[in-house]
Amino acid sequence: MDGTFTDPSLDDRLERLLGLLGYLGDPDYRTGIGPREAGPLRHSLDLAFERIGVVGALTPRAPLANQTHAAVDERRIPVVYVVTAADEDEADARHRAIWSQSVVPQILMATPAGFSLRNGFDYRQKGALHPWSELDGSGLPRELVPLTSLAIRSSSSWRNFTIPNRVDARIAADIRNLSVKVRKDHPGLGSRPGLVNALIGHFLYLNVLVDRGVLDQAWIDGLTDADGRRLCPDITLRDIDPTQRGSAWPVEQVWLLFDAIDGVLNGSIFPIGKNERELVTTEVSDLVRRVLRSDTLTEDGGQQFSFIDVDYAVLRSETISAIYECFFDLEGDGERRNHGAFYTPSFLVDYVVQEADRIRSLDRKARVLDPACGSGAFLVAGYRHILEADRADGATLSPMELGRVLSDSIRGVELKAQAANVARFSLYLTMLDYLPGRTLASLADELGDRQLFPDLSHNIIDQDAFELLPDAFAARATHVFGNPPWNRYAPASPAAAYAASLLKRLHDTVVDEQAQAEVFYWRAMLDLAAEDAVIAFVMPTKAFIAPGARHFPHAVATRTRLHGVANLTSFRRKLFQDAGEAATVVFASPGAPGPLAMGWRFSPQLSAQPLGADGRPWAIVIDRSQVERFHQAEMSAADYEWYRDLLLQPLDRRIVAALETNGSARSPLNVSAFLKASHMHVSTGETWKRTGLPEDLVLGTHGDNDFRLRLGLSDAEPLGLDEEVSTNYQIPDELFDSLSDRFRAMFGGPTLFMPRSQATPHVVGRAAFNASIQGIYFTGTQTPEPERREVLREFALYLRTGVGRYMVSLFGRSWIADQRRFETPDLKRLPFPYKDRNELLRMPVSDFFRNGKEDVEGFALFAGERLGMPPLFAQAVLEHRSLRERAQNGKRLPDCDTVMKDADFVRYADALRDELGHLLAHTPLSIRLLAPNVGGREVQVVLAPPGVDVAVVGTPDAMPDFGSQAAIELTEHVEYAVAHIFKPDVKTAWTTDRAYSDAIGVANRVMAA
């Protein structure tokens, strides 16, 4: 399959097609790789052009957060391969290779019979074949419109894209099935998952060597003993051909072959001792071999395993990380979760390492370390960056030079021995990536008595990272990467001992709630990283925003130099398989920050990401207009709240600041002040043991004691204000009278039951409740019983309004991240547009409801006026209710890619004009919307004095960044200037929040001019 298919008539047709797509004039469309080009994907693109048959690749700019607008060496992400093939069979083979490489999501396949759009992440999605005659008309087939040069840069073009069968997930699933079958069918191996996994690893390695041409039959046939007899006479590589059944390879000869390979390449990657080898029969060995190469069929002819689809010749070393996940899972139920370890997807690894490389170059002087390296994904990426930097400088990468860089520059620590094996394996395969055309025979001649792979047993060690590290780790690292375990450390563990030493060493608490990831952070900062190193860690977001996150965030802000923070909370439930935790990537260096230290922060929104219909990410793109700069000194304040800058958008933060400022200028308008003025109180419940009541009388939100079940309440009632009707719950008078004064006030009723999960609230009578419920009740006798119920109902109704829901999203720091609970301290500071119960009853919330339906805008305007907020507040409430609320908690709206309507633009333009009027005071401006273009719309902000006639001018030639919600360019003239804002034609790009961000971007460009 090497090389491209050429046909003059096909070339002419393809050129016409590429012209219609806009590729031929696109500076991001390439037909090869330059000799001095750098970048971590250079090797993959080289392979695509040289072996797979790719004739072109569209690689739009995808800037990093730590990147200026004028950066030359911008990050790029391949999105389309253009491929030619002689016929459909060759097209399928090339498609399979691209799927195995797992780099590009879209394939434009051209054959003499026609062209098709194929899915690069699913070899089964071939797409319809369009005959070339379809280009005889005036336009493109509808299917290809999202593939145009402009359109594909917008998130809207990915609405129908899916990733159901990516190669790493496929390999992981098939290895898992294979390991389970082997251990099930062979009792002697049932309790030996490590042995089975090592055997699988050996054959994976063998297949890579064969498909890459490193291992051939001649070399195997030349293996002899001292008497000249062949060591492996029954091993024939044609048996690897999936079309040939072949005979079984005797297991004794298999071990001899593996040992001979290790003799040239160095040491066994997955060591299997003599006693363990005796447990592996020829039957087991041959099953693993056949399955990994050519499928095994069940007795009824059904397909059982599917490795026939994998092209090992182009399989990226980074993909091998998928093996770690399944190997780790197979070692025992819950093993991965018990260790708090999650397989880090390759696109996240790529982003983290590229961002760190921007901070400090990964070059020959770099020393890379991952103290919780797992399968070595970060180490492989770091190693590849170093090699590509050498290639860009014109260096020749000989086998010895590749080994020297690996030995000198890469270090990893991993608790699990099997994971460390996979890490070494992945690094060795990366070495092979840079030795094309070599065979075992030629390597033996080239190396002489030396072996190819350096001994990594001292570089990649399997031990606890908090124990004393060997001498090979004495030199501190310039780059420390990692996704450390997210669980709590055990009381008697080395991590616990290290955490205790931190208190003595720093005279301060810097770890919260036994969080192991936080201990790793300080281990890296204090002991592993050089003074000018960059540390890039994937951390749990809760380490910065949870109610218990008191010491660690403050210590990070005051004791380390922050370069940037990438909050990936919107990717929750999408980054890590079977895990819903939110992640934040921290880029920092050792040492206290200076008084003028600045960094950046970015919180990517799913609406701007190239997610398809299934919502699965394959890349992280940065909308440069939403990257914000911060002064680190601001974060050092004791009352600084990370959650606001991490989880709130700029418009939201402005509204929060205005709400707090307005409240402090006079008597505060919040829940705490309202409760105090109304002789009311809020608290969470208590356990039955603390109350002294029987367990079945203390209600909660789950199981048989769910208060709705026990009291006969229903959440189906739209406002949750129905009366309790059940008679199967009652606290007897004698038990109630025996309670303390506090509990009689809490449980006496009427009480507003508010589940911390933000389920529907209910007003109930006498009832006890546990900590899953927040109860609001009256503390005095000033208010008669009927009025109490009415006040509680109106309060509950407020929490169900658009204003109330928006306030929860602004002030509920735990709620914003995971929507699991809304805590009492956050409830108390929630803005509330009433001073006391009398105001609430005089201007009730219920007046804004008709037949159970809220006048959202009407109440938002009323509440905004009461709270001293501008009209922008009401618009933010409306957008939150109709759009943004449904996108919280890692959700992606099914209609987020709907086309922008005229009303959306009017609201956007009003907000843009208002904010620009504030930022560019006394500057006359007008806003106009140009006609639709493929992939987006252009807004022009005309900055001109009255009377100056400004003609409509087109968009500057610069293409927008990949995934950008606003590409902003400024053209200056003698009497006026025009800011061009190019935006995708999707609803989420035209919100009030986006208008606020775009206004900041325009103002920055104008003031910098």
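A: Let us begin with a pair of helices. In α29, Tyr798, Leu799 and Arg800 meet Gly802, Val803, Gly804, Arg805 and Met807 of α30. Please bear in mind throughout that this is a predicted model.

Q: At what angle do the axes of α29 and α30 cross?

A: Helix α29 spans residues 785–800 and helix α30 spans residues 802–811; their axes cross at roughly 70 degrees and come within 4 Å. An angle from 65 to 115 degrees counts as roughly perpendicular, so α29 is roughly perpendicular to α30. By class, the contact of α29 with α30 has four nonpolar, two polar and two charged residues.

Q: How does one read the pair α2 and α3, and what is the angle there?

A: An angle over 145 degrees counts as roughly antiparallel. The axes of helix α2 (residues 42–52) and helix α3 (residues 88–101) cross at roughly 165 degrees and come within 11 Å. Therefore α2 is roughly antiparallel to α3. The crossing of α2 past α3 is right-handed.

Q: Which residues of α2 and α3 make the contact?

A: From α2 come Ser44, Leu47, Ala48, Arg51 and Ile52, and from α3 come Arg94, Ala97, Ile98 and Gln101. Sorted by class, the contact of α2 with α3 has five nonpolar, two polar and two charged residues.

Q: Are α13 and α15 roughly parallel or antiparallel to each other?

A: Angles under 35 degrees count as roughly parallel. Helix α13 (residues 377–392) and helix α15 (residues 417–433) pack at an angle of about 25 degrees, with their axes 9 Å apart, and α13 and α15 are therefore roughly parallel to each other. Their crossing is right-handed. Leu379, Val380, Tyr383 and Arg384 in α13 meet Ser426, Leu427, Thr430, Met431 and Asp433 in α15. The contact of α13 with α15 has, by class, five nonpolar, two polar and two charged residues.

Q: Which residues lie nearest the centre of the second largest cavity, and how does its lining divide by class?

A: Its lining has 18 residues, of which Leu41, Ile77, Phe347, Asp350 and Trp618 lie nearest the centre. The lining of the second largest cavity divides into ten nonpolar, three polar and five charged residues.

Q: What is the phi of Gln514, and where is its place?

A: Gln514 is a residue other than glycine with a positive phi, near 55 degrees. The place of Gln514 is in the loop between α17 (494–506) and α18 (516–528).

Definitions and conventions:
Residues are numbered from 1 along each chain as its sequence is written. This is a predicted model: local features need pLDDT of at least 70, side-chain atom pairs count only at pLDDT 80 or more; totals for chains, interfaces and linings use all residues. Side-chain values use heavy atoms; hydrogens and water are left out. Axes are lines fitted to C-alpha atoms, for helices over the stretch in contact, and angles run from 0 to 180 degrees between N-to-C directions. Helices (H or I, at least four residues) and strands (E, at least two) are DSSP runs, numbered from the N terminus. A crossing is left-handed if the near helix is turned anticlockwise from the far one by less than a right angle, and right-handed if clockwise. Contact means heavy atoms within 4.5 Å. Ala, Val, Leu, Ile, Met, Phe, Trp, Tyr, Cys and Pro count as nonpolar, Asp, Glu, Lys and Arg as charged, and the others, Gly among them, as polar. On a 1 Å grid over the protein atoms alone, a cavity is a set of points where a 1.4 Å probe fits but cannot get out, and a pocket is an open set with protein on both sides within 12 Å along at least five of seven lines; lining residues have an atom within 4 Å of a point.
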